[in-house]
Amino acid sequence: MNARGLPPEELVEEMTSLLDGMSHQLEDIVELLKKERHLLGGGDYAALQSLVKDLEKKTIDFLELESKRNSIAQMIADALICEPKISEIALIMVEEKAAALLEAARKLERSMRNLKSEFDITTHLLDESKRFSELLLSQWRELASGGTFSIRG
């Protein structure tokens with residue numbers, strides 16, 4: 001037993017459910033990032049601002065789940081006398097619970113990869129937008145100062 005009075009098997013079920021919840025949370029964040037990317041060029045700043053607030057809330061919610069996951073993993077590890085790693089816990093659990101736990105972990109890993117991919121795309125687009133804006137500003141400054149900018153090239 002542990003501080004919560006639950007056997008390790010029940011904690012593993014809770015961990016499996018928690019990992020599923022974390023995966024769903026990450027997929028929600030991915031969808032919000034996709035919406036953000038579409039709004040960036042549209043000029044709907046109110047919608048963009050609202051979406052950023054939603055992203056912040058989802059991120060905070062995910063971090064709370066991550067903290068809970070760490071705590072449960074440590075309780076399970078203490079009860080089973082192993083490392084607080086899913087692979088170690090799964091080795092000790094009965095096959096059915098281990099399989100569910102490992103599948104939930106794989107699902108979370110896929111969600112993390114999707115999130116990283118979406119961040120990479122958004123970051124690249126923002127970098128390109130920044131470079132384009134800097135180029136335009138540079139040309140406008142040159143025009144304003146009587147530079148040698150020519151329409152003919």
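Me: What percentage of the 153 residues of the chain count as buried?
Reply: In this predicted model, 29% of the 153 residues count as buried. Buried means under 20% relative accessible area, exposed means over 50%, and partly exposed lies in between, with a 1.4 Å probe and protein chains only.

Me: Which conventions apply here?
Reply: Residues are numbered from 1 along each chain as its sequence is written, and side-chain values use heavy atoms, with hydrogens and water left out. As the model is predicted, local features need pLDDT of at least 70 and side-chain atom pairs count only at pLDDT 80 or more, while totals for chains, interfaces and linings use all residues.

Me: What does the chain average in pLDDT?
Reply: The average is 88, and 92% of the residues score at least 70. pLDDT is the predictor's confidence in each residue, from 0 to 100. Where pLDDT is low, the predicted coordinates should not be read in detail.

Me: How many helices and strands are there?
Reply: The chain has 4 helices and 0 strands, in the order α-α-α-α along the sequence. Both kinds of element are DSSP runs numbered from the N terminus: helices are H or I with at least four residues, strands are E with at least two.

Me: Which helix has the lowest mean pLDDT, and which the highest?
Reply: Helix α4 (residues 95–144) has the lowest, 89, and helix α3 (residues 86–92) the highest, 94.

Me: What about the radius of gyration of the chain?
Reply: The chain has 24 Å, whereas a compact globule of 153 residues would be near 15 Å. The radius is taken over C-alpha atoms, and the globule rule is 2.2 Å times the number of residues to the power 0.38. Along the principal axes, the C-alpha trace spans about 80 × 30 × 20 Å.

Me: Turning to E9, where does E9 lie?
Reply: E9 lies in helix α1 (residues 8–40). Its relative accessible area is 36%, so E9 is partly exposed.

Me: Which residues is E9 in contact with, leaving aside neighbours within four places in sequence?
Reply: E9 is in contact with M93 and K97, where contact means heavy atoms within 4.5 Å. E9 and I76 are 67 residues apart in sequence, and their C-alpha atoms are 8.5 Å apart in space.

Me: And why does A100 count as partly exposed?
Reply: A100 counts as partly exposed because its relative accessibility is 36%. A100 is found in helix α4. From C-alpha to C-alpha, A100 and A90 are 9.2 Å apart in space, at 10 residues apart in sequence.
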